[in-house]
Amino acid sequence: MGKAKKRGFQNCINTGMSLGALPSCCSREDAVSFVIKNISADNLGPETKYVISLFGITAEELSEAGASYEALVALKAVL
């Protein structure tokens with residue numbers, strides 16, 4: 001993880017937003033699995049959107065990881 005992403009995580013921690021299961025340093029695969037877990041739990045809140053925008057996760061990556069078409073349509077504004 002680069003310096004900008006670490007800074008983004010630190011800003012997230014300082015503002016009180018919790019990223020749940022994500023550690024302070026994680027890989028892109030960890031972020032995709034975090035997003036998929038939140039999508040399957042119907043949690044499309046700000047944490048999920050923040051991780052998607054922070055890592056630049058695409059709809060193709062999410063569909064390959066198992067996200068349904070309906071979930072991708074719900075996240076259309078973020079993707």
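Trainee: What pLDDT does the chain average in this predicted model?
Mentor: The model is predicted, and pLDDT is the predictor's confidence in each residue. Of the residues, 76% score at least 70. The average for the chain is a pLDDT of 79.

Trainee: In which helix is confidence highest?
Mentor: Confidence is lowest in helix H1 (residues 3–15), where the mean is 66. The highest value, 93, belongs to helix H4 (residues 59–65).

Trainee: Which element gives the largest share of the largest nonpolar core?
Mentor: That core has 16 residues, and those with the most contacts inside it are Val35, Ile39, Ile57 and Leu62. Two or more residues come from each of helix H2 (28–40), H3 and helix H5 (69–74). The largest share, 6 residues, is given by H2.

Trainee: Is Thr48 buried or exposed?
Mentor: Thr48 sits in helix H3 (residues 46–55). Beyond its neighbours within four places in sequence, Thr48 contacts Val35, Asn38 and Asn43. Buried means under 20% relative accessible area. The value for Thr48 is 0%, so Thr48 is buried.

Trainee: Which residues does Val35 contact, leaving aside its neighbours within four places in sequence?
Mentor: Val35 is among the residues with the most contacts inside the largest nonpolar core. With those neighbours left aside, the contacts of Val35 are Thr48, Val51, Ile52, Ile57 and Leu62.

Trainee: How many residues apart in sequence are the parts tied together by Glu61 and Arg28?
Mentor: The side chains of Glu61 and Arg28 form a salt bridge at 2.8 Å, N to O. Glu61 belongs to helix H4 and Arg28 to helix H2, so the pair ties together parts whose separation in sequence is 33 residues.

Technical notes. Residues are numbered from 1 along each chain as its sequence is written. This is a predicted model: local features need pLDDT of at least 70, side-chain atom pairs count only at pLDDT 80 or more; totals for chains, interfaces and linings use all residues. Side-chain values use heavy atoms; hydrogens and water are left out. Helices (H or I, at least four residues) and strands (E, at least two) are DSSP runs, numbered from the N terminus. Buried means under 20% relative accessible area, exposed over 50%, partly exposed in between (1.4 Å probe, protein chains only). Contact means heavy atoms within 4.5 Å. pLDDT is the predictor's confidence in each residue, from 0 to 100. A nonpolar core is a set of buried Ala, Val, Leu, Ile, Met, Phe, Trp, Tyr and Cys residues joined through side-chain atoms within 4.5 Å. A salt bridge is a side-chain nitrogen of Lys or Arg within 4 Å of a carboxyl oxygen of Asp or Glu.
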